[in-house]
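Work through the exercises below with the structure in view. Try each task before reading its solution.

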Amino acid sequence: MCNDHQHKLRSNNKDLQKLESQLDRRHFLKRTSLGIGALALGSLLGTEKLFAGIGKDSAPEDILKAYNKNRLGLPHHLPKAKRIIYLFQSGGPSQMDLFDYKPKLSDMFGKELPDSVMSGQRLTGMSGNQSTLPIAPSTFNFKQYGESRAWVSDAMPYLSEVVDELCFIKGMQTDQINHTPAITFMQTGNQLPGRPSIGSWLSYGLGSDNENLPTFITLVSKNGKGQPLKASLWGNGFLPTEHQGVQFRSGKDPVLYLSDPENYDGNDRRHMLDYLGDLNNLQHDAYGDPEIQARMSQYEMAFKMQTSVPEVSDLSDESESTFEMYGKDSRDPGTYAANCLMARKLLEKGVKFVQLYHQGWDQHNYCPGGVKSQSKKTDQATAALIKDLKQRGMLDDTLVVWGGEFGRTVYSQGQLTKENYGRDHHPKAFTMWMAGAGVKPGFTFGETDDFSYNVVKDPVHVHDFHATLLHLFGVDHERLTFKHQGRRYRLTDVHGNVVKDLLT
């Protein structure tokens, strides 16, 4: 490159001239060749094109060989799950009013919870000062359903129809007794905000399956009441920012700041982004900050989303029978039912991780009424999602997770009557369930005592749950790490074991 030509390329801007002066031809070619190669590889990773030559009858080792083109060497083993919908029930659903049937409690109404059961466990400040902790049997009726004979209360009539697809985990345990640290712990593996969320780890480790939508999308039920939900729950933490969850909202603009400003037609958007990319490339070549490239990739994704988001957020092409299956609320954007339907559609478009948040399960008072209310909002759509995925052939490689941050106490918080009781937070025993890719259908794992207070068989800690979830995606939780401030971090910290009994 001659000096005259170099001079013509230089900017009149003094700051850019300073950056350009730091780049000689050799430096430029080295940097840009590596960058172009990385971009080319990135466009291949996680896309369907990568597996174009892999057929259904291909040997597992051939499939894994194709997967191993990932720059991080992931997945570590052949995955069962390709995508996930996580139905997070914020507030702590009462396990003994929904799935953990305890018939012996019916004869213990109002009796004091034995000290031997409590075993000195920590209580919250909301019930720790009560003079008595009276046992409150569930007011709901339980029956066994399906070939698996799973126990489900009459609060969940629709879910009882799909129990043979579900894998119940009745021995879940967490370390946190209050909402904010417990939700953060469940979503990031640590009680303090700032760590990457589950979806961010999967995005970082496995890449994207589409070019026009984010890998990780979050949907929050509108008009939710209860504990606040913070963006850190779906944040990227110390991972590159392109791996953070993108929240889709109901209304005119599903993604904030995505639409063009008023009176701007956007025709020069492509030219503007190309010029901005040139400036950012100069900045990156000078300073080497990876966040500059991350920001560039976000600009490009936003440009693509201007076309893809309006299409995917439009549910008008769904059939009448589909709306009927999900329930009348599915026609109302932003409701839990509409979000469940949206989640299925996002998966069809290649989104890897869809996180739904639904608030309102924190029943310290009027627990029976609260459980009925939340079940009415969620039960039909949850069951419909399972049915919908199965009939479309998607459940085989889609993982569905349902659960909250902890469970509820067997004793009543506040006044106890035959018709009403409250339940406090309980971290030592609660129920979650999974369905789909790689988990045993029609299976119940774990057991609590007669008071649904302690796990007496097959406990599953939050770290174990995370390790198992990553395993289903072909990821060894001990090997997916990121170095930050001199230490290698992972989702499961220094804990966690894969619960192989849950797997097919």
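The model is predicted: local features need pLDDT of at least 70, side-chain atom pairs count only at pLDDT 80 or more, and totals for chains, interfaces and linings use all residues. Residues are numbered from 1 along each chain as its sequence is written, and side-chain values use heavy atoms, with hydrogens and water left out.

**Exercise 1.** Find where Thr-174 lies and decide whether Thr-174 is buried or exposed.

Solution. Step one: Thr-174 sits in the loop between strand E4 (166-173) and helix H6 (179-188). Helices (H or I, at least four residues) and strands (E, at least two) are DSSP runs, numbered from the N terminus. Step two: the relative accessible area of Thr-174 is 1%. Buried means under 20% and exposed over 50%, with partly exposed in between (1.4 Å probe, protein chains only). Therefore Thr-174 is buried.

**Exercise 2.** State how helices H11 and H12 are oriented to each other.

Solution. Step one: the axes of H11 (residues 336-348) and H12 (residues 367-391) come within 8 Å and cross at roughly 20°. Axes are lines fitted to C-alpha atoms, for helices over the stretch in contact, and angles run from 0 to 180 degrees between N-to-C directions. Step two: angles under 35 degrees count as roughly parallel, so H11 is roughly parallel to H12.

**Exercise 3.** How many residues of helix H7 (residues 198-206) are buried?

Solution. Step one: the buried residues of H7 include Trp-201 and Tyr-204. Step two: the count is nine of the nine residues, so H7 is largely enclosed by the rest of the structure. Just after H7, Gly-207 has a positive phi of about 75°.

Notes: Angles under 35 degrees count as roughly parallel, over 145 as roughly antiparallel, 65 to 115 as roughly perpendicular and the rest as oblique.
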